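Colleague: I would like to learn how to read a model of this kind with some care. Could we take the features in turn, with the general idea ahead of the case?

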Amino acid sequence: MSAPSNAIFRPACCQGSQVAEQALHRIAQLYAIGQQAHHLAPAQRLALRQQKAVPALADLHVWLLATRRIAVAGSGTPRPSSMPEALAGAAALR
């Protein structure tokens, strides 16, 4: 997702939700790493992704699990409907 489309998407989906804002911030980090790697040679792309994207993705996965526990525990935070899909996608990337 490019920066302009991300700016359009953000207000429509977040509507003041801190959880959604945090999720978008973490996902934007992954997209930024992809943009950094775009013009690199394949070996350099792989090295950059292993150095930066793998830890960012692991952090996203841990955050998703923690957020799911909080939402499920009845903290008043609605559980995002896309969370199961996000967790399944993260597991598939491992």
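Colleague: Which residues of α2 are buried?

Modeller: Buried means under 20% relative accessible area, exposed means over 50%, and partly exposed lies in between, with a 1.4 Å probe and protein chains only. In this predicted model, the buried residues of α2 are V19, A20, A23, L24, R26, I33 and A37. I27, which is also found in helix α2 (residues 18-37), is partly exposed, with a relative accessible area of 34%. Of the 94 residues of the protein chain, 22% count as buried.

Colleague: What is the numbering, and what are the limits of such a model?

Modeller: Residues are numbered from 1 along each chain as its sequence is written. The model is predicted, so that local features need pLDDT of at least 70 and side-chain atom pairs count only at pLDDT 80 or more, while totals for chains, interfaces and linings use all residues; side-chain values use heavy atoms, with hydrogens and water left out.

Colleague: How many helices and strands does the protein chain have?

Modeller: Helices (H or I, at least four residues) and strands (E, at least two) are DSSP runs, numbered from the N terminus. The protein chain has four helices and zero strands, and its pattern along the sequence reads α-α-α-α.

Colleague: Which residue forms a salt bridge with R26?

Modeller: A salt bridge is a side-chain nitrogen of Lys or Arg within 4 Å of a carboxyl oxygen of Asp or Glu. The structure holds one salt bridge, in which R26 pairs with D59, the closest N and O atoms being 2.5 Å apart. This pair links distant parts of the chain, with R26 in helix α2 and D59 in helix α3, 33 residues apart. Whereas R26 is listed among the buried residues of α2, D59 counts as partly exposed at 38% relative accessibility.

Colleague: With which residues is R26 in contact, leaving aside its neighbours within four places in sequence?

Modeller: Contact means heavy atoms within 4.5 Å, and on that basis R26 is in contact with D59, L60 and W63. By C-alpha separation, R26 and A56 are 7.6 Å apart in space, although 30 residues apart in sequence, and I27 and L60, 33 residues apart along the chain, are separated by 7.9 Å.

Colleague: Is T67 buried or exposed?

Modeller: T67, whose place is in helix α3 (residues 42-72), is buried, with a relative accessible area of 9%. A polar atom of the T67 side chain lies 2.8 Å from the backbone oxygen of W63.

Methods
A polar contact is a pair of N or O atoms within 3.5 Å; within protein, one must be able to donate a hydrogen and the other to accept it, and residues adjacent in sequence count only if both atoms are side-chain atoms.
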